[in-house]
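This briefing covers the salt bridges of one protein model. Please keep the sequence and structure in view while reading.

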Amino acid sequence: MGVAPPAYDPSAPENATTLPVGAPATVRGYVRELLRRHRKAFAALMAVNAIAVIASMAGPYLLGGLVDDLAAGEHDLPLERTAVLFAVALAVQAVFVWQVRLRGATLGERMLADLREDFLVRSVGLPPSVLERAGTGDLLSRITTDIDRLGEAMRQAVPQLSIGVVWVGLLLGALTVTAPPLALAVLLGLPVLLLGCRWYYRRAPSAYRAEAAGYASVAAALAETVDAGNTVEAHQLGKRRVALSERRIAEWTAWERYTQWLRTIIFPTVNLTNLLILGAVLILGGAFVLQGWIGVGQLTTGALLAQMLMEPVGMILRWYDEIQVAQVSLARLVGVREIEPDTGDSGLTPRGRDVRADRVRFGYHPDVDVLHDVTLRVKPGSRVALVGPSGAGKSTLGRLLAGIYGPRRGEVTLGGTALADMAAEQVRRHVALVNQEHHVFVGSLRDNLLLARTDATDAELWAALGAVDADAWARGLDEGLDSEIGSGGLTVTPAQAQQIALARLVLADPHTLVLDEATSLLDPRAARHLERSLAQVLEGRTVVAIAHRLHTAHDADVIAVVEDGRISELGSHDALVAAAGPYAALWRSWHG
Ligand code: ADP
Ligand code: MG
C-alpha cells in the first residue's frame with residue numbers, strides 16, 4: 001500500500017508561480033548569513049544549552065554511583081550527599097533550561113524580524129514589470145502564508161534543532177566515556193533511523209514545495225476573482241472562476257494528503273528506533289555485565305543516558321520536518337531576492353529637459369507589442385496631448401515617457417540620457433506620472449506629504465497644500481499636519497485624496513508631468529475645482545496629457561493621435577483640423 005505523489009500536470013500549482021524560487025545554495029547562503037549576523041547570541045545559546053544538558057546528566061551518574069556502591073556491598077550509602085547534589089543539579093538544570101528557552105525564543109524572533117525586513121525591502125524595490133508579469137497573488141501569498149510558516153520555523157525550529165544536535169552529541173559523548181560498549185548498542189538502532197529518514201527526506205522537500213505552491217495558486221485564483229469582481233460579473237464568469245478555484249483546491253489537497261501520508265510513515269519509524277535502542281542497551285548491556293565488561297553502575301548510568309537520547313532525537317526529527325516546510329517557504333522568499341532590482345546609475349543625470357521617445361517598441365507580454373515604432377518629441381515647457389481610441393496605447397506610452405517601464409526596443413531619453421539607465425529616484429525628480437490612484441497612507445498628513453520630499457519644512461508643506469487649494473480644510477483639522485489620516489484615522493474624501501497627491505507633486509517638483517485621466521473619476525463640479533488646482537500645479541511645467549475631453553487637446557501645442565500603438569497624426573489643433581484626418585473626424589463627432 002502506498003500513496004503515490006499526485007500526477008504531473010503542466011498547469012499544476014508548482015508551475016503556476018512566476019516569481020523565482022531560490023536555489024538550495026542561495027537558501028543555504030542566506031541562512032548562513034542570518035546566523036553570522038547573530039553569531040554571538042547563537043554561541044551564547046549553545047553554551048547555556050550545554051550547561052543545561054550536562055546538569056541533566058547528574059541524575060544518571062549519581063544513580064549509577066549508588067548502584068555500584070550497592071553492588072560492592074556497601075551498607076553506608078551516601079544518600080544525603082547524593083540527594084543534595086541531585087537537588088543542586090536539578091536547580092542548575094532548571095535555571096539553564098529556562099535560559100535556553102528565553103534565548104532561543106529571542107534569537108528566533110530577531111532572525112524572523114531580519115528576514116521580514118530583508119524581504120520587505122526587496123519586495124518594495126521590485127521592478128513593476130516583474131509584478132506585472134507574475135501577478136500580485138504570488139507575492140501576497142509569499143508575504144502572508146510563507147512568512148507565517150517561517151515564523152514558526154525561525155522562532156522554534158532553528159534554535160531547537162541546534163539545541164537537539166548539541167544535546168545528542170553531549171549524551172553520546174558521555175555514554176562513550178562511561179561505557180564504550182553501550183555506545184555500540186546505541187548504534188544498532190541507527191540504521192533503521194537512517195533508512196527511514198532517507199526514505200522520507202527524499203520525498204518530503206519536493207512534496208512540501210508543491211503543497212506550498214498549490215496553496216499560493218489557490219490564493220492567487222481567489223484574489224484574482226475578487227479583484228476582477230466586476231469583470232467576472234459582467235461576463236458571467238462566476239461558474240468558470242469557481243471551477244478554476246475548485247481545481248486548484250483539489251490539486252493542493254492532493255499534495256496535502258500526500259505529505260500527511262509521508263508523516264504517517266516517518267513518525268512510527270522514529271518510535272521503533274527508540275524501542276530498538278533501549279532494548280539493545282538493556283539486553284546487550286546485561287550480557288556485558290555478565291561478561292564482566294562493564295559494571296552494574298555503568299549499565300545503570302548508560303541505560304538512563306540512552307533513554308535520555310529519545311527526547312533530543314525526537315526533537316531533531318520534529319524540527320527538521322518543520323525546517324523542510326520552512327525551507328520551501330524560505331526558498332520562495334529568498335527567490336524574491338534573486339530578482340534583479342531596477343538597476344540604474346544614480347550618477348547619471350540628464351543634461352536638459354526635453355523628453356524624446358525614439359522608435360520605441362513595447363509590450364506587456366513577450367510576443368504581443370502594444371507600441372510599434374513610436375517616435376515623439378516633447379519640447380521643454382510645451383503641452384502635448386495624446387488622443388485616440390481606448391486601447392490604442394496612450395496610457396502605455398505615458399508610462400514609458402515617465403520611465404515606469406523601459407521600452408523593448410528604441411529609447412526614451414530625458415535631456416539625451418536614456419531613462420532606463422537612470423536610477424528610479426533620479427527619474428522621479430524630473431518626470432512624474434499622475435493617474436487616478438491617489439493612495440492615502442495611514443499616518444499623519446505630514447508623513448503623507450513628506451513621501452514626496454523627505455526634507456521639506458512645515459512652511460513648504462503648507463505652501464504645497466495652498467498651491468492645490470487644500471490649505472483651507474487642512475487648517476481646519478484639529479491637529480494640523482499631525483492629524484492622522486487614512487484607514488483608522490480621519491477619512492479623507494476622494495477630492496481631498498487627490499489634492500494630497502497633487503500637493504506631493506508640488507513638493508517633488510518635477511519639471512515634466514504625464515497626466516493620465518487625472519480628473520475623470522470625479523463628479524464634474526469636483527473635477528472643475530480640481531482642474532483649477534491642477535492648472536496651478538502645471539504652471540511652467542512640461543505636460544503630456546492623455547486627453548479624454550477634447551478641449552484639453554484643443555489647447556495643447558502639439559496633439560498626437562495614437563491608433564493601434566502608432567502615432568498616426570501629429571500637429572497643432574488647427575493644422576490637424578485642416579488636414580481632415582482622423583483627428584478632424586474625432587473633433588467633428590465630439591463637437592457635434
Ligand atoms: P489606452 O490608454 O489608449 O486606452 P492602454 O495603453 O491602456 O490604452 O492599452 C493598450 C493595450 O495594452 C491594450 O490592448 C491593453 O489591453 C494593453 N494593456 C494595458 N495595460 C496593460 C497591462 N498592465 N498589462 C497587460 N496589458 C495591458
Ligand atoms: Mg488609458
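**Salt bridges in the predicted model**

Asp373 and Arg359 form a salt bridge through their side chains, at 3.5 Å from N to O. The pair connects distant parts of the chain, with Asp373 in strand 2 and Arg359 in strand 1, 14 residues apart. The model is predicted: local features need pLDDT of at least 70, side-chain atom pairs count only at pLDDT 80 or more, and totals for chains, interfaces and linings use all residues. Residues are numbered from 1 along each chain as its sequence is written, and side-chain values use heavy atoms, without hydrogens and water.

**Terms and count**

- A salt bridge here is a side-chain nitrogen of Lys or Arg within 4 Å of a carboxyl oxygen of Asp or Glu.
- By this rule there are 15 salt bridges.
- Helices (H or I, at least four residues) and strands (E, at least two) are DSSP runs, numbered from the N terminus.
- Buried means under 20% relative accessible area, exposed over 50%, and partly exposed in between (1.4 Å probe, protein chains only).

**Asp354 and Arg377**

- A salt bridge joins Asp354 to Arg377, with the closest N and O atoms 3.4 Å apart.
- This pair also links distant parts of the chain: Asp354 lies in the loop between helix 11 (296-338) and strand 1 (355-362), and Arg377 in strand 2 (residues 371-378), 23 residues apart.
- Asp354 is buried at 15% relative accessible area, whereas Arg377 is partly exposed at 39%.

**Accessibility of other partners**

- Asp373 is partly exposed, at 35% relative accessibility.
- Arg453 and Asp455 meet in a salt bridge of 3.3 Å, N to O.
- Arg453 is partly exposed at 28%, and Asp455 is exposed at 59%.

Terms used. Chains are lettered from A and ligands numbered from 1 in the order in which they are written.
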